[in-house]
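Subject: A structure for you to look at

Hi,

Here is the structure I promised to pass on. Have a look at it first, and then read on for my notes.

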Amino acid sequence: MPDSQPQPSPSGSAGSGTLLLAGARLTDGRTVDVRLHGGRIEAVGTAGSLASARARGPGTRVDLGGYLLLPAPADPHVHGDTALTAETPGPASCDPQDVQRRATEAALLQLGHGATALRAHVRVGDVPGLGSLTGVLRARRSLRGLTDLTAVAMPRVLTGAAGADGLALLRDAVKMGADVVGGCPDLDPDPAGYVEAVLEVAAEHGCPVDLHTDAADPARLARLAAMAGGLRPGVTLGPCDGLGRLPSDVAARVAERLAAAGVTVVCLPQGPCGAVGGRDGTAPVRLLRAAGVRVTAGSGALRDVSNPVGRGDPLDAAYLLASRHGLRPEDAYDAVSTAARTALGLPEVRVEAGFPAELLAVRGDRLAGALSLAYGRIVVHRGRVVARTSAVREYGDSATATDLGLPRQGRGRLGRA
């Protein structure tokens, strides 16, 4: 991963110095300086206005001329335990060390794309037991300060005699450190009983709930919404692509119930994950939004057997929401940033004083262009630069391009810096 390695902190840990982001462009067209301190945005001023201001402690300046500065994305649906296994012969190893290595590499790839918070859905029980969860929790510890990784425990069966072990393992997983209770009710012989068991464990421990479902059964989904409506801190469902195969009036009624229950839907526009046998992972986004459902987007599978070419790129998810589902670029990016952070229970980020310094700088001057190309990226987590990705494009000599005044990155012959 030569172009997406985490960079050493220019100012140490959060709070040990000041970072000045100079000359960044905002989505409203302003060009500003942004000063970060203590993991938060300390000040935002016109370009050049903060350069001479006295900073507390040692400071570093990053020139963001030519970059668009955005709230950093977050990814509410990743599978770090199975990531990067598409070409592995046989079943993916559940050994904690192997899982830790895969989950860490996957998280760093996604950090290079800009995601400073990830929710990993981890299978527990059956063959993995608690081994995969152990590996992901180790990865979480090793990644502290680079990205925030949380874990969802996903048992397969929770009802009947066969579900007793799964229910015990689910409780053990929460005690080990799983942050969220989840799973796949569609795979249990008693989906309603499965949901009831998950909600009970979540209520015992005060955990959020995040369930995989294709949402193809409207009656089942309506029952789930009714059961989940009173749970706090909240319920998330995904990918819900089956809603798109229902008659529009039926899907609209179900969407209204989800909105009334405060349920968040996470779609997977980059492709499905292996937990649910969906077609493309994408729910009817516009229908859900029209009903008032909070909709966000995750990456799902990252180069495992479910999607061997999965990218794990939030900006790619936003691009697909805009290009395939007709969302405005601003709404599409909101789905992978503000809405995603809300789904994860994280504080809102704006490029304004007082907000968390979770930021992504992307080459370009407009959001639509950034979603189209987005090659160069600088990622800020807790007030420090944690990843840089750069790309250089060169062309052969062309008198026509010169005559037309087209932008060129290089000068001279192809191959010269």
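Leaving aside its neighbours within four places in sequence, which residues is Arg119 in contact with? Please keep in mind while you look that this is a predicted model.

The contacts of Arg119 come from several parts of the sequence. They are Asp75, Pro76, His77, Val78, Thr150, Val152, Val180, Pro208, Asp210, Thr236, Ala343 and Leu344. Arg119 itself sits in strand E7, which covers residues 117-124. Its relative accessible area is 3%, and since buried means under 20%, Arg119 counts as buried.

Now for the chain as a whole. There are 417 residues, and 53% of them count as buried. Twelve helices and 16 strands make up its list of elements. If you take the contacts between residues at least 6 apart in sequence, 72% join residues at least 24 apart. The accessible surface comes to about 17700 Å², and carbon and sulfur atoms account for 50% of that.

Two packed helices are described by the angle between their axes and the distance between the axes, so I give both each time.

The pair H1 and H2: H1 spans residues 96-113 and H2 spans residues 131-142; their axes come within 7 Å and cross at roughly 45 degrees. H1 and H2 are therefore oblique to each other. The crossing of H1 past H2 is right-handed. On the H1 side you will find Pro96, Gln97, Val99, Gln100, Ala103 and Thr104, and these meet Gly131, Ser132, Thr134, Gly135, Val136, Arg138, Ala139 and Ser142 of H2. By class, this contact of H1 with H2 has five nonpolar residues, eight polar and one charged.

The pair H3 and H4: here the helices are H3 (residues 160-176) and H4 (residues 191-205), with axes that come within 11 Å and cross at roughly 30 degrees. Angles under 35 degrees count as roughly parallel, and H3 and H4 are therefore roughly parallel to each other. H3 passes H4 in a right-handed crossing. H3 brings Leu167, Leu170, Arg171 and Val174 to the contact, while H4 brings Ala197, Glu200, Val201, Glu204 and His205. Of the residues in this contact of H3 with H4, five are nonpolar, one is polar and three are charged.

The pair H4 and H5: H4 also has a contact with H5. H5 covers residues 218-228, and the axes of H4 and H5 come within 10 Å and cross at roughly 20 degrees. That makes H4 roughly parallel to H5. Once again you can look for the handedness: H4 passes H5 in a right-handed crossing. The residues from H4 are Pro191, Ala192, Val195, Glu196 and Leu199, and those from H5 are Arg220, Leu224, Met227 and Ala228. The contact of H4 with H5 holds seven nonpolar residues, no polar ones and two charged ones.

Another arginine to find is Arg294, in strand E13 (residues 294-297). With a relative accessibility of 37%, Arg294 counts as partly exposed. Not counting residues up to four places away in sequence, Arg294 touches Val263, Thr264, Val265, Ala339 and Thr342. How far apart in space are Arg294 and Ala259, C-alpha to C-alpha? The answer is 7.5 Å, although Arg294 and Ala259 are 35 residues apart in sequence.

Finally, some notes on the backbone. Most residues other than glycine have a negative phi, and most peptide bonds are trans.

- Gly238 and Pro239 are joined by a cis peptide bond, with omega about -5 degrees. Pro239 lies in strand E11, residues 235-239.
- Asp126 is not a glycine, yet its phi is positive, at about 50 degrees. Asp126 is placed in the loop between E7 and H2, and at 52% relative accessibility Asp126 counts as exposed.
- Arg382 also has a positive phi, about 55 degrees, without being a glycine. Look for Arg382 in the loop between strand E15 (377-381) and strand E16 (384-389). Arg382 is partly exposed, with a relative accessible area of 34%.

Enjoy exploring, and write back with any questions.

Best wishes

Technical notes:
Residues are numbered from 1 along each chain as its sequence is written. This is a predicted model: local features need pLDDT of at least 70, side-chain atom pairs count only at pLDDT 80 or more; totals for chains, interfaces and linings use all residues. Side-chain values use heavy atoms; hydrogens and water are left out. Axes are lines fitted to C-alpha atoms, for helices over the stretch in contact, and angles run from 0 to 180 degrees between N-to-C directions. Helices (H or I, at least four residues) and strands (E, at least two) are DSSP runs, numbered from the N terminus. Angles under 35 degrees count as roughly parallel, over 145 as roughly antiparallel, 65 to 115 as roughly perpendicular and the rest as oblique. A crossing is left-handed if the near helix is turned anticlockwise from the far one by less than a right angle, and right-handed if clockwise. Contact means heavy atoms within 4.5 Å. Ala, Val, Leu, Ile, Met, Phe, Trp, Tyr, Cys and Pro count as nonpolar, Asp, Glu, Lys and Arg as charged, and the others, Gly among them, as polar. Buried means under 20% relative accessible area, exposed over 50%, partly exposed in between (1.4 Å probe, protein chains only). Accessible areas come from the Shrake-Rupley method with a 1.4 Å probe; for residues, only the protein chains shown count as cover.
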